[in-house]
Amino acid sequence: MREVIFLGRGGQGAVTAAQLLAYAASLEGKKAQALPEFGAERRGAIVRAYLRIGEALLHSSVKKADYVVVLDGRIIEQVDVRQYGKPGAVYIVNVKLPSDWYISIDATSIALKHGLVVAGWPVVNLIMAAAFAAVSGLVTLESIVKAVPEYVPRRYVEANIKAVVEGYELAKRLVEAR
């Protein structure tokens, strides 16, 4: 079983990213569960969502993850995100500049390029979900593309699919270059 923690801001779609990946994994015949964490979050506050993919799924919360996906790079300046990872965890962060301890994906630029902006915020959640899939190999790009129409309004499906493909391919290239 592999566990993932998504860290984002309220309104960024961390929960949707986890749900889409669980659905995409189920399309491949895998067992998966998305576990949202709701509380007194408000737009802009740091929120967490969880994903499990594996043979035997647990019904407890995810304490430490194999992968930590950060939708807003400013979070790593506010919180030590490494506290959420197991030893050897892989961190995928939406930032422009590379680092030696995480994989950087400029999902914001991809979202802006494809016109994925809601209420003035670039929508990066599915791009980061695709980046996770490319890095982990736990879900295929084809399954994510099939899942997109289930999670976004019809008018944004095509743009989201293009952005997802771009994010996946970028992450794949970065992993191969490491």
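A pocket is here an open set of points on a 1 Å grid over the protein atoms alone, with protein on both sides within 12 Å along at least five of seven lines, where a 1.4 Å probe fits; lining residues have an atom within 4 Å of a point. Grid points are joined across faces, edges and corners, and a volume is the space filled by probe spheres set on the points. The structure is a predicted model, in which local features need pLDDT of at least 70 and side-chain atom pairs count only at pLDDT 80 or more, while totals for chains, interfaces and linings use all residues. Residues are numbered from 1 along each chain as its sequence is written, and side-chain values use heavy atoms, with hydrogens and water left out.

The second largest pocket holds about 230 Å³ of space. Its lining consists of 13 residues, and Leu71, Asp72, Arg74, Asn94 and Thr108 are the closest to the pocket centre. By class, this lining has five nonpolar, four polar and four charged residues; Ala, Val, Leu, Ile, Met, Phe, Trp, Tyr, Cys and Pro count as nonpolar, Asp, Glu, Lys and Arg as charged, and the others, Gly among them, as polar.

The largest pocket has a volume of about 300 Å³. It is lined by 18 residues, with Gln12, Val118, Val123, Asn125 and Val152 nearest its centre. Two or more lining residues come from each of β7 (117–118), β8 (121–122) and α4 (125–136). Helices (H or I, at least four residues) and strands (E, at least two) are DSSP runs, numbered from the N terminus. The lining of the largest pocket divides into 11 nonpolar residues, six polar and one charged.

Gln12 is located in the loop between β1 and α1 and is buried, with a relative accessible area of 10%. Buried means under 20% relative accessible area, exposed over 50%, and partly exposed in between (1.4 Å probe, protein chains only). A polar atom of the Gln12 side chain lies 2.8 Å from the backbone nitrogen of Arg9. Contact means heavy atoms within 4.5 Å; not counting residues up to four places away in sequence, Gln12 touches Leu71, Asp72, Trp121, Val124 and Asn125. Asn125 belongs to helix α4 and is also buried, at 6% relative accessibility. With the residues up to four places away in sequence again left out, Asn125 touches Gln12, Gly13, Thr16, Ala17 and Leu71.

The loop between β7 and β8 contains Ala119. Most residues other than glycine have a negative phi. Ala119, although not a glycine, has a positive phi of about 55°. Ala119 is exposed, with a relative accessible area of 67%.

In soluble globular proteins, nonpolar side chains tend to be buried together. A nonpolar core is defined as a set of buried Ala, Val, Leu, Ile, Met, Phe, Trp, Tyr and Cys residues joined through side-chain atoms within 4.5 Å. The largest such core has 49 residues, of which Phe6, Leu51, Phe132, Val139 and Ile144 touch the most other members. Elements that give two or more residues to this core are β1 (2–9), α1 (14–27), β3 (46–53), β4 (65–70), α3 (107–113), α4, α5 (141–151) and α6 (157–177). The most is given by α4, with 10 residues. Beyond four places in sequence, Val139 touches Leu21, Ala24, Ala25, Glu28, Lys30, Ile53, Ala133, Ile144 and Tyr168. A second, separate core has 15 residues, including Ile5, Tyr50, Val70 and Val93.

Glu3, in strand β1, is buried, with a relative accessible area of 7%, and Asp66, in strand β4, is buried at 15%. The backbone nitrogen of Glu3 lies 2.8 Å from a polar atom of the Asp66 side chain. The side chains of Glu3 and Lys86 are joined by a polar contact of 3.1 Å, the term denoting a pair of N or O atoms within 3.5 Å; within protein, one must be able to donate a hydrogen and the other to accept it, and residues adjacent in sequence count only if both atoms are side-chain atoms. Leaving aside neighbours within four places in sequence, Asp66 is in contact with Met1, Arg2, Glu3, Lys86, Ala89 and Val90. Asp66 and Val4 are 62 residues apart in sequence, with 5.9 Å between their C-alpha atoms. The C-alpha atoms of Glu3 and Ile53, 50 residues apart along the chain, are separated by 6.7 Å.
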